[in-house]
Amino acid sequence: MLTAIGVQSMDDLLNDIPQSLRIKALDLPVGLSEHETMSQISALAALNRVFPDRLTFRGGGVYRRFIPAAVAAVTSKPEFYTAYTPYQPEASQGTLQAIFEFQTLIAELTALDVANASLYDGATAVAEAAMMAHIHNGRSEIVVAGYLHPEYLEVLRAFSEGRGIKVRKGTEPGSKTAAVVFQQPDFLGLLVDARALTESAHAAGALAIACVDPISLAVLAPPGQYGADIAVGEGQQLGLSPSYGGPHVGFISCRKELVRRLPGRLVGTAHDKDGRRGFNLALAAREQHIRREKATSNICTNHSLCALAASVYMTYMGPDGLRQVAEVGFKRAHALAERLAALPGWEPAFPDRQFLNEFPMRVANGPAVVRKLARKGILGPLDVHRWFRELKGVLTFTCTEVNDPLALDELVAALS
Amino acid sequence: MTEPLSFEISRQSAAAPRLPEAGVTGPDLSQVFAGDQLRANPPDLPRLSEPELMRHFSRLASMNYSISEQFYPLGSCTMKYNPVVNESVAVLPGFAGLHPYQDEDSVQGALELMWRLERALCAVVGVERVTLQPAAGAHGEWTALRMIAAYHHSRGDNRTEVLVPDSAHGTNPASAALSGFHVVEVKSGPDGRISLADLESKLSPHVAALMLTNPNTLGLFEREILDIAEMVHATGAMLYYDGANLNAFMGICRPGDMGFDAVHMNLHKTFTTPHGGGGPGAGPVGVKADLVPFLPTPTVERTNGHLKLDFKRPRSIGRVRSFYGNFGMLVRAYAYIVAMGGDGLTQASRDAVLSANYLRKQVEDDLEMPHEGACMHEFVASAHNLAPQGVRALDVAKALLDRGFYAPTVYFPLVVPEAIMVEPTETESKATLDAFASAIKEIVAEARSNPQALHDAPTTLPVGRLDEVAAARRINTYLQGLSEDPVLRWKRASK
């Protein structure tokens with residue numbers, strides 16, 4: 001090959017790199033065989049403790065759920081996972097159609113007009129939605145109502161700072177408010193008055209951004225039903241493993257009037273000259289590769305493969321399956337809450353508030369309880385005091401279809 | 001063959017999957033929630049049996065080109081082979097089953113992997129520390145610019161501009177704007193490299209940073225990088241490295257040694273994590289000592305063999321993503337680095353440069369080469385020479401699809417008319433490169449003999465060229481409320 005190029009040696013091709021910059025070798029070990037690689041990395045995996053699904057009661061944004069085998073069977077197809085962003089539509093119809101189906105599924109679930117192709121996670125989805133509101137109405141304040149996931153709030157603050165946007169906690173939007181952001185159910189699992197929050201946002205001329213749990217939308221009112229303008233959320237529960245926090249998938253959907261403000265990729269239908277329907281990247285004039293510094297967002301790579309997993313999951317479940325898993329979690333959580341409240345020293349942290357499948361309890365020695373459960377092989381509740389000073393002794397429990405009735409018995413017995 | 005949508009295959013009679021029953025006594029939804037808190041109409045999701053679902057998605061898979069089946073010479077995208085062992089390690093239960101809020105003592109292996117990956121990336125690019133949190137390259141760019149802004153701010157220095165070359169990736173100016181900076185473009189000189197004179201004229205005490213890709217998007221090494229670094233640093237600005245092209249010189253030289261203060265890396269390019277049809281990727285950012293205090297929280301710290309997450313970083317820019325980044329992608333990239341070793345990574349870059357130069361040579365008589373001399377890991381050609389026949393870069397791209405190759409990046413960088421940007425990577429054999437070169441020759445010959453055939457391409461794929469103009473018009477009509485067809489989603493026809 002060097003002869004064909006017309007050079008003597010490999011170094012002739014590197015002449016543009018100043019000699020003073022050349023390094024002798026990388027300060028890294030030499031390579032290993034596949035077997036040795038596997039052994040070394042498996043040894044690291046073995047240092048971690050994995051709790052069984054059924055004995056995991058911790059949520060806080062990442063949940064253990066049943067994942068149909070079909071999900072991995074589809075996402076592990078190399079035609080999907082080793083393809084690039086679908087720049088050449090004719091050779092990428094599989095990816096494009098799968099994204100189009102994902103957009104439709106999310107739009108249906110949230111009862112809004114249009115969803116995009118995916119974002120990185122729930123936290124950046126909240127931040128991107130806030131930026132949309134800022135671009136849309138030119139206002140520079142975001143009001144965060146209630147217990148938004150603390151990490152989502154941190155990411156929102158980091159995004160906002162760059163754009164000179166102020167983030168304020170509260171429930172009363174004013175004339176400078178671009179949007180009111182709330183989570184439904186909130187970080188503690190409690191329902192907020194989504195309709196009232198939406199109406200107060202609108203009364204102030206601001207947008208309402210609902211951060212929602214996608215499984216909950218099988219039974220709870222979706223953002224479109226109570227008039228929210230933008231819905232965002234984390235899609236991990238739709239067929240993705242916890243994987244120490246990622247990769248998961250953020251989603252965003254909005255009313256028709258806001259579509260041109262959406263960040264990231266959008267796929268739409270298009271036709272060839274023979275009238276065949278195909279799918280193509282749409283409204284690219286919003287995006288960084290066309291608009292550069294005037295783009296609605298800088299996002300390029302998104303989370304397509306995770307969105308594919310979510311599509312397979314939702315298609316597998318269908319409307320009835322999705323409702324079933326939502327209801328099972330709801331029933332078990334309420335049964336567990338009642339049994340925990342009967343234990344001495346335990347009480348519901350917010351007895352007047354409703355919840356779906358995640359709920360806060362108060363107990364005197366929260367951290368000790370969590371440690372005790374770990375010793376018994378149970379990944380117990382989440383101690384939320386870490387983020388909220390006013391929530392001392394508050395632990396949030398989560399139930400899903402993987403926490404079978406016997407697992408609830410084991411948990412209660414371990415606490416008794 | 002096109003495939004109907006899952007919504008179109010859906011049958012009302014398809015049974016729901018069998019799922020666990022609650023098995024406990026609990027209330028009904030209607031006993032807990034008021035009517036308007038509940039969903040009024042079920043979502044219109046498809047109902048498919050499992051075999052119908054599997055066939056649907058298998059047929060969709062067959063409509064994709066992918067690196068596992070095709071040569072994918074997309075310039076700037078580094079579509080190298082994705083080793084399958086990476087997939088095996090990422091799904092180990094000891095990684096995939098970890099909850100992000102487990103106690104540190106129970107995730108020592110995960111933290112150790114992150115710590116080792118950070119050290120390895122530091123070694124490859126020559127920096128002090130790396131944050132693994134950003135989810136993608138653009139996210140990394142923005143993270144780095146936030147750190148650079150915080151650094152200047154901490155010195156009471158209010159800098160408002162970021163310089164970006166005209167050949168830069170679109171994400172660079174977009175990330176700078178999102179960080180609150182005014183973007184100022186720096187021109188390329190006639191040799192395709194940044195113009196030092198233009199740079200000089202744009203540097204001022206208002207400039208926070210220069211964002212640079214090296215080799216640049218033309219595949220050319222910025223020979224005067226040390227002078228550029230000196231000029232930038234002399235004005236108090238920082239130098240930012242867009243790592244999209246890092247595959248060109250691993251083990252040969254390092255951005256840190258060139259004077260870059262912040263460096264992002266695309267694990268889904270250089271470090272073989274699969275691109276997934278558009279993600280997930282990972283965009284770690286490395287920084288020199290001056291920027292370390294501003295790294296996102298948490299960082300992974302190691303003391304006496306014990307690993308912990310450090311949340312107490314008072315000068316940090318905060319958090320840029322939930323949890324600790326795309327951990328599953330970090331596992332894959334780490335597996336690649338372990339398997340390759342320092343020697344393997346160096347060889348990979350050398351081979352990538354060899355492949356690009358070889359392929360460039362094979363097609364230099366067929367397409368225009370806007371710049372002379374050796375390239376690094378990619379080259380930019382131009383289809384400008386086919387203009388007399390009315391053939392454009394897009395026609396060449398589509399004709400390649402018919403010949404079983406994915407198309408190179410076209411119309412980028414913007415500074416080359418009719419650009420065709422080719423990045424073969426080190427994982428392609430000489431036979432593949434030769435076959436690609438033959439396809440280019442065949443297409444160029446066809447441009448002269450039968451240009452219409454190229455305008456008609458592709459003809460062998462599920463669909464032909466799609467009419468984007470008509471599609472955009474239909475979207476407009478919908479957004480203006482003049483049509484019921486949303487174009488951007490499926491919707492059941494109203495009765």
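Q: A salt bridge is a side-chain nitrogen of Lys or Arg within 4 Å of a carboxyl oxygen of Asp or Glu. How many salt bridges does a search of the whole structure find over all chains?
A: This is a predicted model, in which local features need pLDDT of at least 70 and side-chain atom pairs count only at pLDDT 80 or more, while totals for chains, interfaces and linings use all residues. Residues are numbered from 1 along each chain as its sequence is written, chains are lettered from A and ligands numbered from 1 in the order written, and side-chain values use heavy atoms, leaving out hydrogens and water. Over all chains, the number of salt bridges found is 50.

Q: How many residues apart are R54(A) and D404(A), which meet in a salt bridge?
A: Their side chains come together at 2.8 Å, N to O. R54(A) sits in the loop between α2 (34-46) and α3 (69-75) of chain A, and D404(A) in the loop between β13 (394-398) and α13 (405-415); helices (H or I, at least four residues) and strands (E, at least two) are DSSP runs, numbered from the N terminus. The pair therefore links distant parts of the chain, and the separation is 350 residues.

Q: Is R54(A) buried, partly exposed or exposed, and why?
A: Buried means under 20% relative accessible area, exposed over 50%, and partly exposed in between (1.4 Å probe, protein chains only). R54(A) has 26% relative accessibility, so R54(A) counts as partly exposed.

Q: Which residue forms a salt bridge with E426(B)?
A: The closest N and O atoms of this pair are 2.7 Å apart. E426(B) lies in the loop between β12 (419-422) and α14 (430-449) of chain B and its partner in the loop between α3 (50-61) and α4 (84-90), so the bridge ties together parts 346 residues apart in sequence. Both residues are buried. The partner of E426(B) is K80(B).

Q: How many of the 38 residues of α11(A) are buried?
A: The helix is largely enclosed by the rest of the structure. That is because the count of buried residues is 31.
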